[in-house]
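Could you show me around this structure, one selection at a time? I have it open in my viewer and would like to know where to click and what is there.

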Protein chains: 4
Amino acid sequence: MRILFLGDLVGRSGRDAAGAAIPVLRDRLSLDLVVVNAENASHGFGLAPEMARALFTAGADVLTLGNHAWDRKEIFSYIETEPRLIRPLNYPPGTPGKGSFVAVLGDGRRALVVQAMGRLFMDALDDPFRGVQAAIASHRMGTGGTVQAILVDFHAEASSEKLAMGHSFDGKVSLVVGTHTHTPSADHQILVGGTGYMTDAGMCGDYDSVIGMQKGGAALRFWKKVPGEKLAPAEGEATVCGVFLETDDATGLATRIEPVRMGGRLSQVMPSR
Amino acid sequence: MRILFLGDLVGRSGRDAAGAAIPVLRDRLSLDLVVVNAENASHGFGLAPEMARALFTAGADVLTLGNHAWDRKEIFSYIETEPRLIRPLNYPPGTPGKGSFVAVLGDGRRALVVQAMGRLFMDALDDPFRGVQAAIASHRMGTGGTVQAILVDFHAEASSEKLAMGHSFDGKVSLVVGTHTHTPSADHQILVGGTGYMTDAGMCGDYDSVIGMQKGGAALRFWKKVPGEKLAPAEGEATVCGVFLETDDATGLATRIEPVRMGGRLSQVMPSR
Amino acid sequence: MRILFLGDLVGRSGRDAAGAAIPVLRDRLSLDLVVVNAENASHGFGLAPEMARALFTAGADVLTLGNHAWDRKEIFSYIETEPRLIRPLNYPPGTPGKGSFVAVLGDGRRALVVQAMGRLFMDALDDPFRGVQAAIASHRMGTGGTVQAILVDFHAEASSEKLAMGHSFDGKVSLVVGTHTHTPSADHQILVGGTGYMTDAGMCGDYDSVIGMQKGGAALRFWKKVPGEKLAPAEGEATVCGVFLETDDATGLATRIEPVRMGGRLSQVMPSR
Amino acid sequence: MRILFLGDLVGRSGRDAAGAAIPVLRDRLSLDLVVVNAENASHGFGLAPEMARALFTAGADVLTLGNHAWDRKEIFSYIETEPRLIRPLNYPPGTPGKGSFVAVLGDGRRALVVQAMGRLFMDALDDPFRGVQAAIASHRMGTGGTVQAILVDFHAEASSEKLAMGHSFDGKVSLVVGTHTHTPSADHQILVGGTGYMTDAGMCGDYDSVIGMQKGGAALRFWKKVPGEKLAPAEGEATVCGVFLETDDATGLATRIEPVRMGGRLSQVMPSR
Ligand SMILES: [Fe+2]
Ligand SMILES: [Fe+2]
Ligand SMILES: [Fe+2]
Ligand SMILES: [Fe+2]
Ligand SMILES: [Fe+2]
Ligand SMILES: [Fe+2]
Ligand SMILES: [Fe+2]
Ligand SMILES: [Fe+2]
């Protein structure tokens with residue numbers, strides 16, 4: 001299966017760039033599945049339903065969220081009606097929406113997409129490790145399994161927690177990719193058990209910024225400790241950041257993992273076809 | 001000036017790989033200056049004086065530390081006698097050692113190397129932003145200045161704080177490079193004011209691990225909340241990770257920034273000569 | 001039921017004072033049940049089995065622990081054999097020991113004792129609120145119920161989380177008492193639903209100290225950011241701190257709550273008989 | 001000198017109760033000086049200038065703030081014109097207002113009031129310990145000194161940091177009293193060097209609440225991890241909480257320290273005259 005995962009879309013710049021890039025990349029990389037983290041699509045804070053719809057129209061198959069899931073209030077009802085939009089599975093029972101979704105490809109192949117949120121330096125949710133374990137427990141990957149691939153978006157701050165997630169499910173899922181830091185990591189690899197791994201997919205946003213927000217005000221927050229102006233997303237050209245994964249349908253494991261960086265200020269990388 | 005900065009050396013694997021790589025890279029990249037973060041050189045925790053000496057012998061000009069600075073007790077006296085070894089400048093007054101050093105090249109050019117430590121998700125030190133401002137206040141870069149280059153190692157957890165540091169001193173220093181996450185970022189760029197920037201240099205260590213430590217025990221720490229075995233560094237082949245920077249001596253600003261990843265599991269990148 | 005709860009015993013000073021006070025208070029206050037938090041009994045860090053035995057001998061019915069539960073390694077096997085020693089219930093599955101115990105009084109009355117640990121400013125355990133809810137779900141208090149009283153030791157840092165626990169179970173348990181800050185609060189009250197509440201029971205230890213540890217070294221840790229000497233418990237005369245609760249066996253609810261402070265430097269308070 | 005310090009006023013309930021109590025207590029306890037923490041006076045968030053004026057009119061001599069200092073925007077200009085209103089001294093240079101004030105009594109005696117903010121589990125400000133040291137450096141207490149008393153409001157979360165502050169300045173100031181947890185501690189004492197100490201003065205507010213805010217919504221925040229309704233202050237009768245200190249003008253040291261709790265749900269305590 002040929003899969004693209006794009007990191008946190010930030011604001012209009014990130015939305016526009018990702019919206020334009022998805023059809024191009026679907027075609028160029030013969031993608032079977034596109035998953036996009038959209039927690040910062042709406043001015044950096046949350047996701048509006050119309051933005052989700054536009055991303056589905058552009059070719060995203062599944063959208064994930066994160067700690068900014070609830071910044072736009074419309075999401076509470078929308079997420080109940082749209083199973084392709086998931087939020088971290090380790091929110092407590094009773095939280096709107098679900099933490100996983102099985103995408104069915106046109107040819108009948110299936111992929112389980114799961115999102116969990118880290119706890120180190122973050123809010124105290126339920127255990128993301130046992131959460132992922134439970135979410136994949138009823139699935140087997142590969143020939144004769146219930147799905148051909150399992151993707152885990154681990155929305156977390158600490159590199160240690162992300163690597164622990166990768167190794168914990170190495171050989172049991174196709175991909176563990178981190179989101180949330182808005183910084184692409186260069187440590188993509190296939191772990192020894194066959195799982196594709198990358199600490200952070202990076203953001204789709206303007207990198208002349210502080211994690212997507214206008215740099216002046218955002219930097220000032222570290223100098224001054226009195227509340228400043230509201231942060232606003234930077235509006236320069238975005239770099240579309242993510243990771244391309246190829247898996248073996250017979251095992252669900254990764255055969256190839258490569259970063260994608262397109263447009264904007266960062267160094268450009270595009271997987272060969 | 002042609003500069004190499006290597007991220008946190010972890011354990012024997014990282015030390016050996018960096019020790020072997022430095023002479024090779026000095027030659028291949030015609031390096032003028034080599035700076036190495038060595039806070040995890042000693043089994044992942046601290047730096048022993050003999051390891052520092054070996055790194056200087058291998059060709060390192062300046063060594064930096066971080067939150068693990070004091071894990072090896074011998075460092076308290078050694079750092080007072082070895083100015084080429086620096087620790088974060090924003091430790092309180094009375095802390096052994098210094099937070100900056102002016103390296104003088106064989107041809108008389110000079111480079112100020114500064115280290116500061118972040119506070120977001122970390123210990124409450126003095127303000128690193130005002131600290132860096134003070135450390136560079138008496139210097140001017142470029143022709144007729146006091147130094148030809150200024151390098152800032154910002155040892156910090158959060159990508160937002162690191163980017164805030166980069167933008168705060170954009171145009172005033174040659175390089176702001178992050179350390180501490182042990183994960184190389186792929187966001188190296190020359191900021192609009194001319195400062196080279198990279199969120200994290202990554203570690204020199206075995207990437208089949210949890211930030212350099214053996215993956216089994218380290219991953220288990222996120223599953224179990226009772227104390228486990230002592231963590232030990234992973235001992236597979238290290239990837240030497242860092243960043244290569246070229247600066248204009250007339251201005252001190254960056255003209256080229258490229259990542260370095262050599263050996264081990266990560267994708268390989270080497271600047272052209 | 002007449003109940004005494006004593007806060008965190010710190011070191012020899014706290015152990016000796018509590019050991020001497022328990023028989024005196026059992027007699028003077030005609031106590032039916034004595035519960036003691038003992039997580040810091042062993043030099044401030046953990047609890048040795050022989051210290052637990054001595055406390056049971058002195059008249060403690062149930063011992064609770066906290067984040068220092070595992071500091072003494074002997075506890076791992078001991079807690080499996082001694083059900084009267086409990087640890088926070090919201091450790092993950094597989095953790096040694098249990099988080100609750102039903103004490104049976106000589107006259108056949110029964111009291112459920114439960115411990116949970118907070119997450120605000122503390123480690124990321126399972127949800128303590130749902131944990132307490134589950135632990136008490138199979139019990140009903142009062143006449144015809146399964147127990148006559150339910151006591152919750154909420155080992156937590158933040159006053160907000162402790163009050164949230166108190167109000168969440170107001171009317172459903174006899175007592176919510178906090179531990180961990182080592183500082184007795186003066187806010188003991190019977191909540192509107194009938195549950196006795198006190199934000200922190202305080203420690204049994206020497207109050208000429210920093211939360212029980214020798215003040216010189218402990219205070220220095222806030223001035224210096226390099227590792228200092230190992231902390232050692234202060235050895236002056238302890239104040240035995242805790243709370244006395246009287247409940248109505250017919251409802252399980254509190255009819256009277258009063259602090260206890262005996263010996264040492266703090267102001268002295270003793271409930272009338 | 002006879003001094004009253006009142007802890008964080010929360011909302012209308014706290015303001016009204018403190019406003020009514022101050023004149024009564026001034027008279028009853030023959031007070032020379034009244035200091036009030038007012039960071040939560042405005043609906044729990046910040047302080048409006050007219051509320052500050054009303055408190056001065058009621059008999060407060062000095063007002064202190066805390067992490068909620070800037071919640072009401074009018075405070076930025078007001079604090080520059082009203083030296084009797086202070087904020088934590090360890091905000092970075094350039095922050096509006098000052099962190100200390102010398103109150104001059106009608107009979108010419110003088111008292112230095114200082115506020116600092118803790119860093120453990122709080123925002124990364126400048127070092128509060130060196131900050132207090134610097135603020136008192138130019139003063140000497142007692143006969144022939146510059147002031148007769150020095151009061152430190154240490155606005156902090158952790159009991160350990162507060163005790164460290166107390167012991168660090170024991171013998172050098174008249175009082176170290178904590179604020180911020182909104183929970184009165186029962187550990188008031190005169191430290192061995194003569195400084196009055198109390199970990200937290202408690203709040204002036206309705207104690208049928210979660211630290212002053214309506215208990216339903218505030219408790220729910222620990223059960224649900226999606227944003228809920230805005231918190232609002234509880235409106236039941238407040239308990240006025242604080243501490244009464246008597247000092248020796250010849251030395252500045254404490255001769256007597258007693259808690260005050262008046263009205264509302266908590267146990268009532270009033271110093272004898
Ligand atoms: Fe996020
Ligand atoms: Fe994000
Ligand atoms: Fe570090
Ligand atoms: Fe490191
Ligand atoms: Fe404790
Ligand atoms: Fe504790
Ligand atoms: Fe407050
Ligand atoms: Fe506060």
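**A metal site in chain C**

Start by selecting His180(C), which counts as buried at 15% relative accessibility. Keep in mind throughout the tour that this is a predicted model.

Next, select the iron ion (ligand 6). His180(C) gives it the donor atom ND1, and the other protein donors are Glu39(C) through OE, Asn67(C) through OD1 and His155(C) through NE2. These donors lie 2.1 to 2.2 Å from the iron ion. Along the chain, their spacing reads E-x27-N-x87-H-x24-H. The angles among the four donor atoms run from 86 to 150 degrees, and the site is irregular.

Then highlight Asn67(C) and His180(C) together. Asn67(C) sits in the loop between β3 (62-64) and α3 (75-81) of chain C, while His180(C) is in the loop between β8 (175-179) and β9 (189-190), so the pair links parts of the chain 113 residues apart. How exposed is Asn67(C)? Asn67(C) is partly exposed, with a relative accessible area of 30%.

**A helix in chain B**

Move over to chain B and select helix α2, residues 49-58. Its buried residues are Pro49(B), Met51(B), Ala52(B), Leu55(B), Phe56(B) and Ala58(B). To see what covers them, show α1 (11-28), β3 (62-64) and α3 (75-81) of chain B, which are among the covering elements.

Technical notes
Residues numbered from 1 in each chain as written. Chains lettered and ligands numbered in written order. Predicted model: local features only at pLDDT ≥ 70, side-chain atom pairs only at ≥ 80, totals over all residues. Heavy atoms only, no water. Buried < 20%, exposed > 50% of the residue type's maximum accessible area, 1.4 Å probe, protein only. Helix = DSSP H or I, 4+ residues; strand = E, 2+ residues; numbered from the N terminus. Contact = heavy atoms within 4.5 Å. Donors = N, O, S within 2.8 Å, 3.2 Å for Na, K, Ca; no water. Tetrahedral: all angles 85-135°; square planar, octahedral: opposite > 155°, others 65-115°.
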